[in-house]
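Student: I have a structure open and would like to talk it through. Can we begin with a sheet?
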Amino acid sequence: MTVTVLGAAACGGDDDDASGDTSGGAAAANQDVSGSLSVLGIWSGQEQESFRAVIDAFNEQYPNVNVSYKSAGDNLPTVLQTAVQGGNPPDVAFIAQPGTIQGFATDGKLQSLDFAKDAVVENFGQSVADIGTFDGTLYGILFKSANKSLGWYNTAVFSDAGVEPPETFEDLSTAADTIAASGVPPYSIAGADGWTLTDLFENIYLRTAGPEKYDQLAKHEIKWTDPSVIDALNQMKVVIGKSANIAGGSRGALQIDFPTSVKQLFTDPPKAAMTFEGDFVGGNIANETNAQEGDYGVFTFPSVNGSGPAVVGAGDIGVLFKDSPAGQAFMTFLTTPEAAQAWASRGGFLSANKNVDPSVYPDDITRQIATDLADAETFRFDMSDLAPPAFGGTPGQGEWKILQDFLRNPNDVQGTAQALETAAARAYK
Amino acid sequence: MATGAPAADLPPAPRPEGPARTRGDRLRPLATALAFLAPAIVLLGVWIVYPTVWTIIRSFFDRAGDAFVGWDNYKEIFENDALLKSVENNLIWVAIVPALVTALGLIFAVLTERIAWGTGFKLVVFMPIAISLFAAGISWRIMLDIDPERGAVNAAIGQVADAINEPGPLTGAKPSGAEVVQSGGAIALKDPVQPGQTALLGLTAIRATEVPDDARQAGRPRALPDGITGVVWRDFKPGGGKPGVVERGETGLPGVTVELRTPEGDSRSVKTADDGTFAFEDLPPGDYRLGIGSSTFQQGFDGVSWLGSSLVVISCIIAYVWVWAGFAMVVIAAGLAALPRDLLEAARTDGANEWQVFRRITVPLLAPVLTVVFITMLINVLKVFDIVLAVAPASVQDDAAVIALSMWRVAFTGQGDFGLGSAIAVLLFVLVVPVLVLNIRRFRREV
């Protein structure tokens, strides 16, 4: 049985060579790599099929590696934790929480990926390499990324009000007042979901304080009462400071969840003009509203005080639990544009890989978002995902809750900073 | 199936007769008992005893489970505001819900006994029990939404509220320039005007769709020597325009009632024309005040914040009572059906009125049933979890949390503090134990 498979695979390889591919020599060498790999990720359904396409692309280069993928769904951290505790981890896993990866790395459960370091830096840039690096060793490769530095808007409302998508925070402030004067509240804020508020804060903070302070704050090396935090909270008031500029008012916004915050941009009449959230808003618009292409647009999160292009993102990071030639080959493959393009062409995927050809993305908006992501001078992982979950990731607590209180009472900047510091001090001990 | 094997140990049919019983014979019933009990003991051991004991042990260790921290986790419960709040909320639940559910159940049961469509009514009241608590919670959360367009409860209140306080044609409009100010709902010129002058009442924050269809380009008022003229218009065109200046592309607002107060204190009013202009004529000289009354800007009902921090506990309780009242009613109705009718008849014959019969006969006779319902609800309420999770939005979960929810949030929702979570679980256990003891003693008495 094995022989037949090998034979068939070898034939496939020969066909590739015949088509005049330059990687003929490499493909021949790749024949030597064999074995099987188990991969664990959160993707299911359509995403699972798309990831299959990535595996197929891998198998084109490494025909003798048998990759089996299993979806753990949203329970991945728990499933993985259990598997690792039980001494039976998968070969490869995709984890969305850098904190979890750091935990595994510290416990010595992960294999070093330093063999792929150059490939990561070359394809993604240092910013992305840093995300998977702990104590100087590369442990993770950001494969599927999310771009959370976006504003989504209703094009009709913008053109009725005669405003253009803003490029700077001053533009944003003016545009918001103009839109309000046209009778539509400019901002839709999902106050019931605290993470949308932390995303907003992080986008502003990365722009006002810069990446170094961002990293320090993420590690709680500087306090939340730092002047840079106060400054960012003050800037945040541009968006949440005026209750009249928020759909439903500050009080109503606290009960609007994320899907509703997107839907209400496209009700008739629209309840708001724009919202700030990640690339996944596109999915909500497509599935939950009647908006057609052209009814909605997307703009890059505006620059604050002349800040350069920066992206707050998230994503699924590939890590290796068991070292093997096949495992190394697979992890190296993840850094290549081919791996990203295999999924990107199917939609629902962004890569921070700068060498991915933008034309593979299925539509203009995705292309714009992906280009923003790849072109960003600075890429930083969502800070609240880096924080201990008690502070940065729990509904009704920590940063989520405190920023919700800030939305309710945006004049209390000092009190908000103090509350954040108190909560952080407890969570980071 | 496990009990199948020990059957082989049972004594064989032809028993040796006589008094000479061996030690094995004496042990045999014990072995049989053990064999029959084994499955239950194993199940209880694995799923009840072991987890309970382990939880108690775990509660004395830290987050990671490595370091012994003594009573620190328990102290934390009473020092952490959010956790303390959940204990308080649980006390509110305990104080209100069991009594309320029992009372409602009793009322429904007694009433349904007397009405023609009793069975149908019982069916309707009992129906919520068939719905999962979580689904019921989601339904209530949607019904209690603050936005009357989504929340049925606010929509109903809104119908009444809007009928009493009719919303104006230009809700949410704001003055555009500095000459016009908003005070107490009305929008008026800041300074008095004299006859011969014109007044510009520019308004913004009006949707294009709110402007009446017959509206035309805003007119520029022409001054009258013995009158005050002016215009009310939507002071907005794409890009914003100049505030306070009537520009091309800005529409007048027809049908707006403009009010004029004379120096003597009388008031006159006039409606604006299609281009938004208006005129008050034949005015003696003097200082006049001009504005648009608050009824034009009267906001519609914007919803009671049922799920806001102050009302959310009550909202959860309403949803919970809605679910459980049917259960209480059915159990109490069953008890009611078993009451000896002759006692009630005797009381009535002796001249007791219905209230006295209810108070002195029905309720005392029903006491055991009422106690069962009350205690069942007490235990249920101490453990209440899913309805709070479903009803309370994340932004107010701190305000709505109960002990079981706090335990789950602390231990499982990413915080991963199993030490503190275990301590909360033990606290919950300790709170439930007295009720359980009460229940067991009552069982004994009944048996």
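Tutor: Chain B has an open sheet of five strands in the order β2-β3-β9-β6-β7, with antiparallel pairing. Its edge strands are β2 (180-183) and β7 (267-271) of chain B, each of which pairs on one side only. From one strand to the next the twist averages 30°.

Student: What are the ground rules here?
Tutor: This is a predicted model, in which local features need pLDDT of at least 70 and side-chain atom pairs count only at pLDDT 80 or more, while totals for chains, interfaces and linings use all residues. Residues are numbered from 1 along each chain as its sequence is written, and chains are lettered from A and ligands numbered from 1 in the order in which they are written. Helices (H or I, at least four residues) and strands (E, at least two) are DSSP runs, numbered from the N terminus. Two strands pair if DSSP finds at least two bridges between them.

Student: Over how many bridges do β6(B) and β7(B) pair?

Tutor: Five bridges, in the antiparallel sense; β6 of chain B covers residues 257-261. R261(B) has S267(B) in β7(B) as its bridge partner.

Student: And chain A, which strands form the open sheet there?
Tutor: Three strands, in the order β8-β7-β9 of chain A, with antiparallel pairing. The edges are β8 (274-276) and β9 (296-300) of chain A, and the twist averages 20° from one strand to the next. Three bridges join β7 (residues 150-154) of chain A to β8(A); in β8(A), F276(A) is the bridge partner of G151(A).

Student: Change of topic. What is the overall extent of chain B?
Tutor: Its C-alpha atoms fill a box of roughly 135 × 75 × 35 Å along the principal axes. Chain B has 13 helices and nine strands.

Student: How many residues of chain B are in contact with chain A?
Tutor: 27 residues of chain B, against 28 residues of chain A; contact requires C-beta atoms, placed from the backbone, within 7 Å.

Student: Now V311(A). Why does it count as buried?
Tutor: V311(A) counts as buried because it has 27 C-beta neighbours inside 10 Å. The cut-offs are 20 or more other C-beta atoms within 10 Å for buried, 12 or fewer for exposed, and partly exposed in between, with C-beta atoms placed from the backbone.

Student: Where does V311(A) lie, and what does it touch?
Tutor: V311(A) lies in strand β10 (residues 310-320) of chain A. Not counting residues up to four places away in sequence, V311(A) touches N147(A), S149(A), D372(A), L373(A), A376(A) and F379(A). D372(A) is 61 residues from V311(A) in sequence and 7.7 Å away in space, C-alpha to C-alpha.

Student: What does V319(A) contact?
Tutor: Leaving aside neighbours within four places in sequence, V319(A) is in contact with A93(A), I95(A), I101(A), F104(A), L110(A), Y139(A) and G140(A).

Methods: Two residues are in contact if their C-beta atoms, placed from the backbone, lie within 7 Å. Axes are lines fitted to C-alpha atoms, for helices over the stretch in contact, and angles run from 0 to 180 degrees between N-to-C directions.
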